[in-house]
Amino acid sequence: MSETTGASYASAGVDIEAGDRAVELMKEWVKKTQRPEVLGGLGGFAGLFDASALKKYERPLLASATDGVGTKVDIARQMGVFDTIGHDLVAMVMDDIVVCGAEPLFMTDYICVGKVHPERVAAIVKGIAEGCVLAGCALVGGETAEHPGLLGPDDFDVAGAGTGVVEHDNLLGPDRIRTGDAVIAMASSGLHSNGYSLVRHVLFDRAGLTLDRHMDELGRTLGEELLEPTKIYSLDCLALTNTTQVHAYSHITGGGLAANLARVIPDGLHATVDRATWTPDPIFGLVGTAGQVELLELEKTLNMGVGMMAIVPQDSVDVALATLADRGVDSWVAGEITERGDHATGAELTGTYGK
């Protein structure tokens, strides 16, 4: 008679001990993100944030957002580099929150893996924690889920949710925008975290390039370029709202520059952005050339070198540009707000690239 062994969670592919080790490894990084309002430490069932800190507000509005990093995680997997993808996650979440003028408060993450590799998970959390520091928010908790059979042993995905706060009277958005306002562009750090399905298809499937291929026009390997972390603008935007008048922000993510800018333009007004005011980084031209992607398709998918836009009154332009320069943010006046014509769609790009 053959002996049978009872099933267990481990035999099903879930390693609880590896998960516990990952938590221990990530604790030091999470601790670096703590704000005075955070209570308790990592390991509880819920993260705690002392809401009495909001008493200083007359009418506090909580802003929330959630997002992921998309197929850029596959670049990280192939490169074996896991400590930068967290910057992308924080940027996608917290830069959405700051658009309305909100101060980022705290964030939680969700990491889904096919198999828990403790050091790898800790590296991912390290990147998220570093991103939270750059955004000025706390990482109050998260979840690491092991899904054997659903994901391969080296596969993973990340997602996160964040919360911020803004005084009601300081809420930014379409209602503040006026004719004659200037549109200020803030440079991106490259592709950021959008459009990677197109980028991967063009560069790998069609052009046959590899991640370890050194690209002279990029000055580094293709993999290094594609894994460049998304710039986090949260504290830069808060500094801008504290030093001068800002009417609105637009975070340039999926959908491209014009479509995202149009989201904050009120009915009756129109934003015109002049391509001649900047030259997109070489990676954008590489994608366009390698895939014979038409310009309008590129602009509908990629940020084209602009990661955030601020709409300010004309008399605030000089202070705004000086503030951003002091913070090391490359910025310029890229357009203006006008009355909307019969055929205008809210925002458009005109001219030819090349500053």
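Predicted model: local features only at pLDDT ≥ 70, side-chain atom pairs only at ≥ 80, totals over all residues.
When I say two residues are in contact, I mean that they have heavy atoms within 4.5 Å of each other. Keep that in mind, since contacts come up all through this talk.

Okay, the overall picture. The protein chain has 355 residues, and 50% of them are buried. The chain has eleven helices and 14 strands. If you take contacts between residues at least 6 apart in sequence, 85% of those join residues at least 24 apart.

Let's look at a couple of examples, starting with Gln34. You'll find Gln34 in the loop between α1, residues 16–31, and β1, residues 38–39. Setting aside its neighbours within four places in sequence, Gln34 is in contact with Gly40, Ala138 and Leu139. Take Leu139: Gln34 and Leu139 are 105 residues apart in sequence, but C-alpha to C-alpha they're 6.9 Å apart in space.

Now compare Gly114. That one sits in the loop between β4, residues 103–113, and α4, residues 118–135. Gly114 has a relative accessible area of 5%, so it is buried. Again leaving out neighbours within four places, the contacts of Gly114 are with Glu146, His147, Pro148, Leu151, Gly152, Pro153 and Asp155. And Asp157, which is 43 residues away from Gly114 in sequence, is 9.4 Å away in space, C-alpha to C-alpha.

On to a helix: α5, residues 196–206. Which residues of α5 are buried? They are Tyr196, Val199, Val202, Leu203 and Phe204. Those residues cover an arc of only 160 degrees around the axis, so they end up on the same side of α5. As a bit of background, an α-helix has 3.6 residues a turn, so residues three or four places apart point the same way. The face of α5 turned away from the buried side carries the exposed residues Asp205 and Arg206.

So what covers the buried residues of α5? The cover includes α2, residues 72–79, α6, residues 222–226, and α9, residues 282–291. Let me zoom in on α2. The axes of α2 and α5 are 9 Å apart, and the two helices pack at an angle of about 50 degrees. That makes α2 and α5 oblique to each other. At this contact, Lys72, Asp74 and Ile75 from α2 meet Tyr196, Arg200 and Phe204 from α5. By type, the residues there split into three nonpolar, three charged and no polar.

Next, aromatics. I'm counting two rings as a pair if their centres lie within 6.5 Å, and by that rule there are four aromatic pairs. One of them is Phe49 with Phe106: the ring centres are 5.0 Å apart and the planes are at 40 degrees, so that pair is tilted. Phe49 is in strand β2, residues 48–49, and Phe106 is in strand β4, so the pair ties together parts that are 57 residues apart in sequence. Phe49 counts as buried, at 17% relative accessibility, while Phe106 is partly exposed, with a relative accessible area of 21%.

Then there's Phe82 with Phe156. Here the ring centres are 5.8 Å apart and the planes are at 65 degrees, so this pair is edge-to-face. Phe82 lies in the loop between α2 and α3, residues 85–98, and Phe156 lies in strand β6, residues 156–167, so the pair ties together parts 74 residues apart in sequence. Both Phe82 and Phe156 are buried.

Last stop, backbone angles. Most residues other than glycine have a negative phi. Gln292 has a positive phi, near 50 degrees, and it isn't a glycine. Gln292 lies in the loop between α9 and α10, residues 295–301, and at 67% relative accessibility it counts as exposed. Met304 is another non-glycine residue with a positive phi, near 55 degrees. Met304 is in the loop between α10 and β12, residues 306–312. But at 4% relative accessibility, Met304 counts as buried.

Notes:
Residues numbered from 1 in each chain as written. Heavy atoms only, no water. Helix = DSSP H or I, 4+ residues; strand = E, 2+ residues; numbered from the N terminus. Buried < 20%, exposed > 50% of the residue type's maximum accessible area, 1.4 Å probe, protein only. Arc of directions from axis to C-beta. Axes fitted to C-alpha atoms, helices over the stretch in contact; angles between N-to-C directions. Parallel < 35°, antiparallel > 145°, perpendicular 65-115°, else oblique. Nonpolar A, V, L, I, M, F, W, Y, C, P; charged D, E, K, R; others polar. Phe/Tyr/Trp six-rings, centres within 6.5 Å; stacked < 30°, edge-to-face > 60°.
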